[in-house]
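Subject: Structure for your review

Dear colleague,

Please find below the structure that I am handing over to you.

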Amino acid sequence: MNKPNIVFVLTDDQGSGDLGCNGNPWIKTPHIDAFYNESCRLSDFHVGPTCAPTRASLMTGHYANSTGVWHTVGGRSLLRKNEVSLASALAASGYTNGIFGKWHLGDNAPYRAMDRGFHKTLVHGGGGISQAPDWWGNDYFDDTYLEDGQPKAFKGHCTDVWFDEAEQFIRENREKPFFCYIACNAPHSPYNIMKEYSDPYRGGLDTEDDENRSRFYGMISHIDERFGRLRETLNRLELEENTILIFMTDNGTSCGGEFDEEGHLLNGWNHGLRGMKCSEYEGGHRVPFFLRWPAGGYREQREIASLTSVVDIMPTLLDLCAVDHSLDFHGESLVPRLDDPSLENSRIVVTDSQRVPDPVMWKQSCAMTGSWRLINGKELYNLDSDRAQRNDIAPDHPDMVETLRRGYEQWWDLVKPDFDSEIPIEIGGSVKEVRLSSHDWRNDDGELVWNQKQVREGLPLNGYWEVEILKPGQYEIELCRWPREGCGQFLSEGPGEDDVKWDKEGVAPDSVDFYSGGRALEITEAECRVAGLTMKTRAGERVVFRMELPAGPAHLETVLRTAGGVELGAYYCYVRTGSKETF
């Protein structure tokens, strides 16, 4: 039999309860529900409680903290250069690989998807559409994305773009094994969707926040429709039989319920779980995973109820695809359990939610074995009798607490060796102009300007970029308040309302200021510090420094000063290589 194809659909911020097949009484997901009834289901499957950490583990088979990805911003969503990705391992075995949607493991070399084994890339910037690295003014409709590293405008909603382009990739590569990774950014906020998908939910939900949840559910129904069409395409092309088709989500729900301060559900549906996105409780990291491969013997429903983790997926897929490799994983191949769901295990799995500049031991952590959950090294729950995690039974089971604490400590020793190692963005390499954004600033307090709304607000924050200067020579460093494609000026107020694309319901996702206008700053002085050098200049419409830089690691920091004495960093910085003559 020929090597199987892989089509992997990953959605963003859709929790375990945001599917009809998992009991949600409101949401309509008929196509995914049908797939659920025909697939192998990992019913106790765990990921990171946020986006980038899950993706790092998915792509490496390693716990995210060990790969340098324990945050979604702040330079710690960049996948370390020495990690071998799933796409790279498949490429070495003859696969052609494409990604469509959200990468969120780095926007600059050597961290881009195109640097990590993907032959075809179509992605938005950062961790979501309208974040600081994304193309300015993107709002889910008629946006500009990076296709193989170059900006290209597309028509339609982003979910349609990802699936349309993915299906074209499948058609073009149908004669050879391929890996098609459809990483939807929906239903991540802002909840922008066409009315035909959100209207059916309006007025009928168990929440005062009917507007946002209607949109959120509408985004999921839209994905469901496209998932059904994807299956039709695979069937029409006679590829379904020998294609491993996977549906998975990346963390807990962002809008499927309202919760009290302790994470207990007040309204909505969360599959009986406590907590949502970012939470160390079950609802933050227990998510759906469905797999079907008819030619491999996985054509009918079966449930694998034992504890599994996102770090198991890469070794499992390489095993299913008979890929020879010498890689070591923190996870294990699940093929034996796919073949015999009755197999049990006594493993300990750990997940956590750091979201700080540097990891903190025990922070928002969950150590798991069987149905036991140790939260933050203190609280103990048994899901067999307490699925909602309401009754802390740590005093009654000191031996289990100690077992899970030891397991966590061993995990910490496994993931911590490189915590202090930098993850630099390369300049002076094959990319002649590197665009840096405040999304990847490093600083001690973790306060960042990571989305375009904050850029418009002109927040007085700063940080530095970790960079690797690959070769000594002349560099031109341009400091910008706005990205070049926004308005191309330094002191401007930014695009006006007439230049803004409104969402298709005629309502701004959060407020008018999310996509329009901006605060004018009277910047009078600019400063650039890098590799032990400091230069200052009076500010004009453009601020450009020309510097002779040595090769090696460095921190690049910028300072903009206003007439009123306020300091902030340049939210965007363009670094160009060349000589005095080319400048």
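A pocket, in the sense used here, is an open set of grid points with protein on both sides within 12 Å along at least five of seven lines. Its volume is the space filled by probe spheres set on those points. Please note that this is a predicted model.

The pockets

The largest pocket holds about 750 Å³ of space. Its lining is made up of 34 residues, and those nearest its centre are Asp107, Asn108, Leu146, Gly149 and Arg435. Sorted by class, this lining has 15 nonpolar, nine polar and ten charged residues.

Which strands each supply at least two residues of this lining? They are β5 (120–123), β6 (144–147), β7 (150–153), β19 (425–427) and β20 (433–437). Of the lining of the largest pocket, β20 gives the largest share, namely five residues.

The second largest pocket has a volume of about 560 Å³. It is lined by 33 residues, and Gln131, His188, Ser189, Trp450 and Asn451 lie nearest its centre. Two or more residues of this lining come from each of the helices α6 (210–236) and α11 (452–457). By class, the lining of the second largest pocket has twelve nonpolar, 14 polar and seven charged residues.

With strand β4 (residues 96–101), β5 pairs in the parallel sense over four bridges. Within this part of the model, Ile99 stands opposite Thr121 of β5. With β6, by contrast, β5 pairs in the antiparallel sense over two bridges. Here Val123 has Leu146 in β6 as its bridge partner. Leu146 was named above as one of the residues nearest the centre of the largest pocket.

Helix α8

Is helix α8 (residues 313–320) mostly covered or mostly uncovered? Helix α8 is mostly covered, with seven of its eight residues buried. Buried means that the relative accessible area of a residue is under 20%. The buried residues of α8 are Ile313, Met314, Pro315, Thr316, Leu317, Leu318 and Leu320. After α8 comes Ala322, which has a positive phi, near 55 degrees.

Yours sincerely,
A colleague

Definitions and conventions
Residues are numbered from 1 along each chain as its sequence is written. This is a predicted model: local features need pLDDT of at least 70, side-chain atom pairs count only at pLDDT 80 or more; totals for chains, interfaces and linings use all residues. Side-chain values use heavy atoms; hydrogens and water are left out. Buried means under 20% relative accessible area, exposed over 50%, partly exposed in between (1.4 Å probe, protein chains only). On a 1 Å grid over the protein atoms alone, a cavity is a set of points where a 1.4 Å probe fits but cannot get out, and a pocket is an open set with protein on both sides within 12 Å along at least five of seven lines; lining residues have an atom within 4 Å of a point. Ala, Val, Leu, Ile, Met, Phe, Trp, Tyr, Cys and Pro count as nonpolar, Asp, Glu, Lys and Arg as charged, and the others, Gly among them, as polar. Two strands pair if DSSP finds at least two bridges between them.
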